[in-house]
Every structure is written in C-alpha cells, then in structure tokens.
Amino acid sequence: ISCFSFWWIDRRTMTSLLRNWLKDAQIEWDTNNKLEGEFCNGYLIGKLLCNLQIGGLSSDAFQSQFVNDVTVESMTQNYKLISKYLCDGGMDIKPKLLRDIADKVQGAIHRFIYDLKCFTERSHKQTSNQAGEAHSSPAAIAVGISSPRTRKHVFEDLQKRDVELKIRKLATEQFHRRSETKWQKYKEHAIKLERDAKMAAQFEHELKNERVAQRHDTLVHTLKQHHLTREELDEESKQKWALNQRIKQKRVDDKTYFEQTQKLRQLQ
C-alpha cells in the first residue's frame with residue numbers, strides 16, 4: 001500500500017472516530033459537509049460545550065448567548081463566549097487554534113474536537129479514579145494489585161496516544177504541504193519578477209537602439225540637405241563666374257575696338 005493511501009486511511013479513520021464521538025455528544029449537522037464549514041461560526045462548538053457541561057454552560061445560557069450566523073459580529077461574540085467557558089472549565093486552548101477554526105483551516109476543528117474529547121475523558125477518568133480510591137480496600141492498595149479497569153485505562157491511553165500521534169502526523173504533513181505551496185508560489189513570483197525585469201531591460205535596449213537609429217536618420221537627412229544646398233550654391237557661383245567672364249570679355253573687346261577706332265582717326 002502506498003504512503004498516500006496509508007495517510008488517507010488514517011485520516012478517514014480519525015475523522016470517523018471524531019464524528020462518532022460528536023454523535024454521542026448529541027451534535028447534529030449535515031454529515032455531507034466538511035466539519036470546517038459546519039463549525040466555523042462557533043455555534044456548534046458552543047452547543048458541544050453545553051452538552052458536555054464545560055465551564056457550567058447551561059442550555060438556557062447557550063440559547064440566549066450563542067447565535068447561529070456567519071456575520072463578523074456574531075462569530076466574534078461566539079468565540080469570546082467559547083474562550084470564556086473553556087477557561088472556566090479548566091481547559092487550556094490556544095487562541096490561534098480558534099482563529100484557524102474560524103478561518104476554516106483544514107484540520108483545525110479536528111484538533112480542537114480531539115483535544116476537547118481527551119479533556120473530557122481525562123476529567124471523567126480523574127473523577128472515577130478519585131471515587132475508586134475512596135472505595136478501594138487497604139489490602140488491595142498495600143499489595144498493589146491492578147484492577148482490569150486500571151488496565152483498561154492504560155489501553156485507552158495507548159489508543160489516545162496513537163490517535164494523537166496520527167493527528168500530529170496529519171498536522172505536520174499539512175504544514176509541509178502548505179509550506180511547499182507557499183515556497184512554490186514564492187518561486188513562481190520570483191521567476192515572474194525576473195522575467196518582467198528581462199522584458200523591461202530588452203524593451204529599454206530596443207528603445208535606445210530606436211533612438212540611436214532615429215538620430216542617425218536625422219543626421220543623414222541633415223547631411224543630405226547640406227550637400228544639396230552646397231551643390232546649389234556651387235552651381236549658382238559657377239553661373240555668376242561665367243556671367244562675369246562674359247562681361248569682362250565684352251569690356252576687353254569694347255576697349256580694343258575703341259583703341260583701333262582712335263588709331264584710324266589719327267591716321268586720317
């Protein structure tokens with residue numbers, strides 16, 4: 001049999017034991033639903049304390065004080081009363097466990113019910129032992145003979161320890177699974193951040209290259225404009241130079257003609 005199947009069978013057996021104990025305590029709920037959802041508002045927990053007479057909680061007090069509702073105010077009031085009656089009954093309970101029950105954390109209500117079951121059984125056991133010691137004979141005490149009832153208590157203690165070990169194993173496995181889930185989410189988040197950083201760096205690099213390309217295109221366009229302007233100016237200068245040369249040649253020709261004309265006049 002696989003480890004997973006073994007764990008599942010242990011969990012099913014533990015849940016079945018707790019459900020049977022709740023039925024013996026006259027707690028009624030929809031058995032098709034999970035215990036986490038049925039007990040989260042604290043109403044059934046209060047009824048369980050009332051049926052077990054924990055902290056002196058009577059039926060009338062339960063009916064008048066506890067509210068079967070899921071509003072924040074009702075749940076807060078219910079859990080305040082639960083803490084009060086547990087404290088009055090002498091049962092030490094951690095506030096975090098009550099918060100986990102209210103938050104429907106898996107396994108929290110099983111742990112609470114099991115602790116309450118062990119507490120009530122220990123209380124009955126202590127009461128029975130005190131009554132047995134009061135009626136036990138001095139001879140039996142001197143010889144140290146253990147009665148079958150004492151051996152039965154030892155067997156019940158072994159059973160309780162076995163169930164408690166299973167519950168602790170279940171809680172440890174649940175903690176490891178939650179830790180693994182959180183670590184997986186952390187790694188996925190880190191990978192996402194790294195991927196986003198790479199995409200941002202690539203985008204910045206492409207943007208920088210685009211800016212360089214734009215500056216290059218602008219520079220090339222400017223150089224071409226300057227080249228065209230220089231060519232136009234050179235062409236205009238050449239045309240002016242040719243015009244000046246023609247004007248100069250015309251002046252030279254006119255001067256030569258004038259000088260020849262003057263020489264002819266002198267000869268006449």
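Tutor: C118 counts as buried, because its relative accessibility is 6%, and the cut-off for buried is under 20%. Keep in mind that this is a predicted model. C50 is also buried, because its value is 11%. Now the bonding. A disulfide is a covalent bond between the sulfur atoms of two cysteines. The structure holds zero disulfides. To count as one, two cysteine sulfur atoms must lie within 2.5 Å.

F62 sits in helix α4, which covers residues 59-65. At 1% relative accessibility, F62 counts as buried. F62 and Y43 are 19 residues apart in sequence. In space, their C-alpha atoms are 9.1 Å apart.

Now move to another helix. D115 belongs to helix α7, which spans residues 108-135. Setting aside residues up to four places away in sequence, D115 touches M91 and L97. D115 and E164 are 49 residues apart in sequence. Their C-alpha atoms are 9.0 Å apart in space.

Back to the cysteines to finish. C118 is buried at 6%, C50 is buried at 11%, and the disulfide count is zero.

Methods:
Residues are numbered from 1 along each chain as its sequence is written. This is a predicted model: local features need pLDDT of at least 70, side-chain atom pairs count only at pLDDT 80 or more; totals for chains, interfaces and linings use all residues. Side-chain values use heavy atoms; hydrogens and water are left out. Helices (H or I, at least four residues) and strands (E, at least two) are DSSP runs, numbered from the N terminus. Contact means heavy atoms within 4.5 Å. Buried means under 20% relative accessible area, exposed over 50%, partly exposed in between (1.4 Å probe, protein chains only).
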